[in-house]
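Take a moment to look over the chain from one end to the other. The paragraphs below go through a few of its parts in turn.

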Amino acid sequence: MYEFETVNACLILLRDMFRLQEGESIAITCDTESSMEAVEATAQAAVILGAKPVIFKIAAPAGGKAGDKDMPMEPLIQGIKSCDAWVEFNTKLIFYSTVYDKIIEDPNNRPRYMNQNGVTPEVLVRNISKLDNNLLNKFITAMADCTKNAKHIRVTSERGMDIEFDNEPGREFLVADGIVEKNEIEMFPGQISWAPNFESINGTIIVDGTLSPPLGAVKGPVKFTVKKGEIVKIEGGIDAVEFEAWLKSFNDPQMFKVAHLAYGFAPYAKLSGYIVEDERVWGCTEWGFGNVGGMLVSDIPGEQGIPGASHSDGICLNCSVWLDGVQVLDKGVVVGPTPEVVQMARALGK
Ligand SMILES: [Fe+2]
């Protein structure tokens, strides 16, 4: 599908996001479940730019660290590490595996990286081919800065969601701003994620998009009552029952704790049942439960983060957000904090 358009999207990915230069090498990794159209279009785009692509395709392992035993670890580590850039299309993630840890261990000498786990031509073309990436970068940077500077944040929705929390001073945000600088690790563009002060999170979260894993699209709203960062009640029919049973199955109290939240700010993302795109739907907030990745709690020493048996993300559509009482989102529409930020959102078509 999209055999004409995909190369164009990949050209924007490599030229505008990676700023790939003539003569640079780029590792394109994938597994036997990946879309080879996306992989090959990326290699073609690299050739158009005068760069040198190399494709690493492996048998689909188990994801993350569980996949260590299945991966050709040394060839992947040595091969990818020696490239200037790395785009990962694997469906069973190298991300968070031991291979990944070894490749990125030196923050001053590693390939710049963008995560495109499981991305298809449809997702690439829809989200990237019409994107004004420089404008998105400016908008996301401005929104991340004002959110980072806030002390107290409130998020509501018309579904009845109403939750408040404080930011944790000094904790880094993960800003998927669409530009991959030297040595940088970036996620698919259009998202700002962060972990607030966990104890301060109180209220209700209402998931009305996707709850994944294990459910996918929810049949109706699922309501989480949260006290001091911990889920104390889950309501909402069969989805709520199934999700609570799934959390309990790990026998790990961390699974009932909020791990992070995120804004979705990808102008062309739509709910597709594919979590990487769903969590970027414009004006949503996404709430993660369970394991907290080390990058989200930069103030806690070590790479471990807060270990949990698993992790799940819930999408809450069309949110309203107040930063220290100043409204920035109204039912998913950007209304602040400054006229310039609002203007950038409108110029992005939102
Ligand atoms: Fe998450």
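**From a helix to a hairpin**

Directly after helix α1 comes R19, a residue with a positive phi near 50 degrees. This and everything below refers to a predicted model.

Helix α1 itself covers residues 6–17, twelve residues in total. From its first C-alpha to its last it reaches 15 Å, which is close to the 16 Å expected at 1.5 Å a residue. Several of its residues are buried, namely T6, V7, A9, C10, L11, L13, L14 and M17. The elements that cover these buried residues include the helices α2 (36–48), α5 (121–128) and α6 (133–149), and also the strand β4 (112–115).

Next, find A66, which sits in the loop between β2 (52–58) and α3 (73–81). A66 counts as partly exposed because it has 13 C-beta neighbours inside 10 Å, while a buried residue would need 20 or more. T98 is 32 residues away from A66 along the chain, and the C-alpha atoms of the two are separated by 9.4 Å.

Further along, strand β18 (residues 320–323) pairs with two other strands. One of them is β5 (residues 152–156), in the antiparallel sense and over four bridges. Within this pairing, T156 has S320 of β18 as its bridge partner. The other is β19 (residues 326–330), again antiparallel, over three bridges. Here V321 is bridged to L329 in β19. β18 and β19 form a hairpin with two residues between the strands, and in this hairpin D324 takes a positive phi near 50 degrees.

Methods
Residues numbered from 1 in each chain as written. Predicted model: local features only at pLDDT ≥ 70, side-chain atom pairs only at ≥ 80, totals over all residues. Pairing = 2+ DSSP bridges. Buried ≥ 20, exposed ≤ 12 C-beta atoms within 10 Å, placed from the backbone. Expected span 1.5 Å × (residues − 1). Contact = placed C-beta atoms within 7 Å.
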